[in-house]
Amino acid sequence: MRLAELRELPLPPTNVAEGAWAAARRRRRRTTVAAVAVAAVLAGSAAVGVGIVRDGQHRSIPSPAPAPPSFAPTTPALPSSPRISPLPHYEALARTTTAEAATDPSNLSSDPVRRAVMAIVPVWDDGPRPWNVVDVLGDDGRWRYVDVSGLEPTHDEAGYQFYALVPTSLSADGTRLVLPQPDRVVVVDLTSGESRSYDVPGPNMGVTWQDGSHVLVTEEGRPAGKLLDLEDGSVVSSARSANTAFLPDGSWLTWGYSGALTSSDGTRVTTELPNSTGAQRTSPLVDDEVAVGLGLRRTVNDQGDSQTGAVVVDRHTGKLLGFLPTMQPGPDSDSSYLLALDGDVVTVAVGLQNGSRIVVRWDWRTGDVTPVEVVKAGMISGAPQ
Amino acid sequence: MRESGRESFETWARSRQQGLVRTAYLLTGDFHRAEDLVQDALVKAAARWDTLAGGHPDAWVRTVVYRDQVSWWRRHRREVFTTPREPTVPPAGETALVLRDALLLLTARQRAVLVLRYVEDLSLADTAEVLGLTVGSVKKHASVALARLREIAPELEELLEERR
């Protein structure tokens with residue numbers, strides 16, 4: 001007997017291939033809706049099948065609308081010239097939409113979720129800024145607070161303080177949360193409320209899920225990170241930086257500080273905009289055709305003034321395809337976060353003057369920006385699946 | 001996801017489905033779970049068939065199946081430990097039955113290493129690539145897994161001798 005003989009193991013016939021194509025079509029459509037849910041949960045016409053708690057009132061959101069009878073048969077080619085959007089008036093947009101807050105959250109330990117659609121650090125109207133408080137919104141539309149003891153804010157080399165939650169904290173399936181901490185990393189199982197602390201030496205500030213068993217842990221300003229194995233707790237050095245996106249098949253793409261897009265297949269192209277500002281604690285969004293980065297500066301006039309914003313590039317050539325300003329020209333760091341990419345639509349959370357975030361959907365091909373909702377949160381992490 | 005690719009995807013998927021489910025069954029010990037794993041991987045493959053078709057879809061889907069299984073096992077292992085279940089589809093042959101049951105007593109990653117290395121016959125480097133591990137970790141997991149198999153299924157000594 002050899003293990004290889006198991007190749008001949010007799011099993012009942014299967015037909016799992018049947019319907020896979022159609023299911024992929026349906027999933028793609030659902031993802032479009034889910035991107036809205038991830039970001040905010042609401043959107044009357046977008047119709048997500050969850051209930052939402054607002055100011056103590058539970059209301060149901062309608063079931064998804066019936067699918068149109070046919071699907072667009074072709075994918076449009078990438079445009080030859082970039083679509084540069086004007087700076088939206090985010091404060092005015094915020095006044096046109098509703099606000100979502102983590103109202104009366106219950107304790108996650110006694111009230112776990114099946115999966116979470118987003119995690120936030122809340123903004124409170126009164127009291128201190130809750131740097132180390134994390135609330136999660138379950139797919140049942142109810143909020144919970146994560147009661148991990150000893151959570152601390154993180155600090156960069158200059159001593160600036162940051163939230164324990166980062167944009168990439170929530171796992172893609174919404175069942176786990178990973179939080180960077182000084183000299184450790186905390187992983188919370190949202191389906192049980194249990195947490196585990198891993199010893200990871202260093203002033204950790206960034207975490208990115210490489211897959212279901214590994215987390216890339218990064219420090220501010222360092223070009224490489226550490227790979228944490230969640231199964232045995234081992235930590236090894238990794239050549240990947242915080243600006244890395246991992247795909248379901250284990251491949252990756254890094255948008256380096258120099259502007260180079262480096263892929264796991266060995267290809268390397270240069271984008272027109274180096275990733276030189278902000279966004280050190282998030283990672284790009286990537287699909288088969290494009291990569292989306294954030295916190296990138298684009299020069300807007302002969303005087304050298306620049307705008308900071310979200311950028312879409314052709315991931316195979318580095319060619320600029322779209323730009324959305326996310327803050328006024330100036331020296332301050334960007335406080336926007338990428339939440340989801342679905343087809344031509346990028347979901348972005350942009351900082352407002354009152355500390356909340358407005359979630360918008362940006363169609364980079366047309367330049368259209370649609371407000372989804374204001375979330376009373378200083379930080380948001382979404383689950384894209 | 002271009003509709004024109006549907007025929008080539010479905011032809012490819014039908015030709016691979018049985019082998020993929022067999023491999024997934026060896027990883028999970030549960031035929032229905034295996035079908036779910038493969039179906040989900042095929043749906044993901046269909047969604048990106050425009051780019052996968054010209055590359056290596058077999059390797060891509062296999063990687064997704066393995067990684068999803070390890071992730072799933074991580075989240076549910078307490079259930080596995082506390083509620084051992086009978087495999088849902090008994091394979092023919094007593095030795096195969098013992099071997100399959102022995103595999104199921106390993107951790108998900110140990111099992112994945114053995115199946116990739118000795119059933120799918122991948123190299124150490126390719127196994128490491130699929131599982132996102134270093135070659136050294138693959139060697140370590142394989143060694144520990146074989147030692148564990150010796151403990152729980154000494155009747156498989158012939159199999160294990162060749163790997164020492």
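At roughly what angle do the axes of helix α6 (residues 108-119) of chain B and helix α7 (residues 124-131) of chain B cross?

Modeller: This is a predicted model, in which local features need pLDDT of at least 70 and side-chain atom pairs count only at pLDDT 80 or more, while totals for chains, interfaces and linings use all residues. Residues are numbered from 1 along each chain as its sequence is written, with chains lettered from A and ligands numbered from 1 in the order in which they are written.

The axes of α6(B) and α7(B) come within 10 Å and cross at roughly 140 degrees (axes are lines fitted to C-alpha atoms, for helices over the stretch in contact, and angles run from 0 to 180 degrees between N-to-C directions). That makes α6(B) oblique to α7(B), the word for whatever is left once angles under 35 degrees count as roughly parallel, over 145 as roughly antiparallel and 65 to 115 as roughly perpendicular. The helices themselves are DSSP runs of H or I with at least four residues, and strands are runs of E with at least two, numbered from the N terminus.

On the α6(B) side, B:Arg109, B:Ala112, B:Val113, B:Leu116 and B:Arg117 take part, and they meet B:Thr127, B:Val130 and B:Leu131 of α7(B), contact being counted when C-beta atoms, placed from the backbone, lie within 7 Å. Sorted by class, this contact of α6(B) with α7(B) has 5 nonpolar, 1 polar and 2 charged residues. In general, an α-helix has 3.6 residues a turn, so residues three or four places apart point the same way.

Elsewhere in chain B, helix α1 (residues 6-28) has a kink of about 45 degrees centred on B:Gln17, where the bend is the angle between axes fitted to the seven residues ending there and the seven starting there. Just after α1(B) comes B:Gly29, with a positive phi of about 75 degrees.

Strand β11 (residues 176-189) of chain A runs antiparallel to strand β12 (residues 195-209) of chain A, joined by 6 bridges, and DSSP must find at least two bridges for a pair to count. Here A:Val188 stands opposite A:Ser195 in β12(A), and the hairpin of β11(A) and β12(A) has 5 residues between the strands, with A:Gly193 in the turn at a positive phi of about 85 degrees. β12(A) also pairs in the antiparallel sense with strand β13 (residues 214-219) of chain A, over 5 bridges. A:Gly206 has A:Thr218 in β13(A) as its bridge partner, and 4 residues lie between β12(A) and β13(A) in their hairpin.

Terms used
Contact = placed C-beta atoms within 7 Å. Nonpolar A, V, L, I, M, F, W, Y, C, P; charged D, E, K, R; others polar.
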